Amino acid sequence: LDPREKFDKRLIAQRLAENGGVDDYTGEPLLLVDAVGDHDIPRSWGIALGGVTEYSNLKVTTAFHNNKKLNRNGDQYIQYLKEQGVI
């Protein structure tokens, strides 16, 4: 596993600005104070599968969605949210 567990707040701010200030999974407006960094490809999948703590693998979301995503990748989580009628 990548020994770096969390994304730096600077990178979270950069990603949030680049995506127009919205949650990467729901598309809802997101304030920096509420934003957390999430691994698009889960860190638990390992480095070989892309679970790295690097900007290219960063998504911004809320702590709620970060915890609810579990071991899914970003696309799987978005599909889950659609199936649940959340988005």
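Trainee: Which side chain meets K69 in a salt bridge?

Mentor: In this predicted model, the N-to-O distance of the pair is 3.1 Å. A salt bridge requires a side-chain nitrogen of Lys or Arg within 4 Å of a carboxyl oxygen of Asp or Glu. The partner of K69 is therefore D38.

Trainee: How many residues apart in sequence are the parts that K69 and D38 tie together?

Mentor: K69 belongs to helix 2 (residues 63-69), whereas D38 belongs to strand 1. The pair therefore ties together parts whose separation in sequence is 31 residues.

Trainee: Is K69 buried or exposed?

Mentor: Buried means under 20% relative accessible area. The relative accessibility of K69 is 1%. K69 therefore counts as buried.

Trainee: What is the nearest side chain of opposite charge to D23?

Mentor: D23 is buried yet has no salt bridge. The nearest side chain of opposite charge is 9.3 Å away, and a salt bridge requires the atoms to be within 4 Å. That side chain is R15.

Trainee: Which residue has its backbone nitrogen reached by the side chain of D23?

Mentor: D23 lies in the loop between helix 1 (9-18) and strand 1 (36-39). Its contacts include L30, V60 and H65. At 3.4 Å, the side chain of D23 reaches the backbone nitrogen of T62.

Notes. Residues are numbered from 1 along each chain as its sequence is written. This is a predicted model: local features need pLDDT of at least 70, side-chain atom pairs count only at pLDDT 80 or more; totals for chains, interfaces and linings use all residues. Side-chain values use heavy atoms; hydrogens and water are left out. Helices (H or I, at least four residues) and strands (E, at least two) are DSSP runs, numbered from the N terminus. Buried means under 20% relative accessible area, exposed over 50%, partly exposed in between (1.4 Å probe, protein chains only). Lys and Arg count as positive and Asp and Glu as negative; His and the chain ends are not counted. A polar contact is a pair of N or O atoms within 3.5 Å; within protein, one must be able to donate a hydrogen and the other to accept it, and residues adjacent in sequence count only if both atoms are side-chain atoms. Contact means heavy atoms within 4.5 Å. Lists of a residue's contacts leave out its neighbours within four places in sequence.
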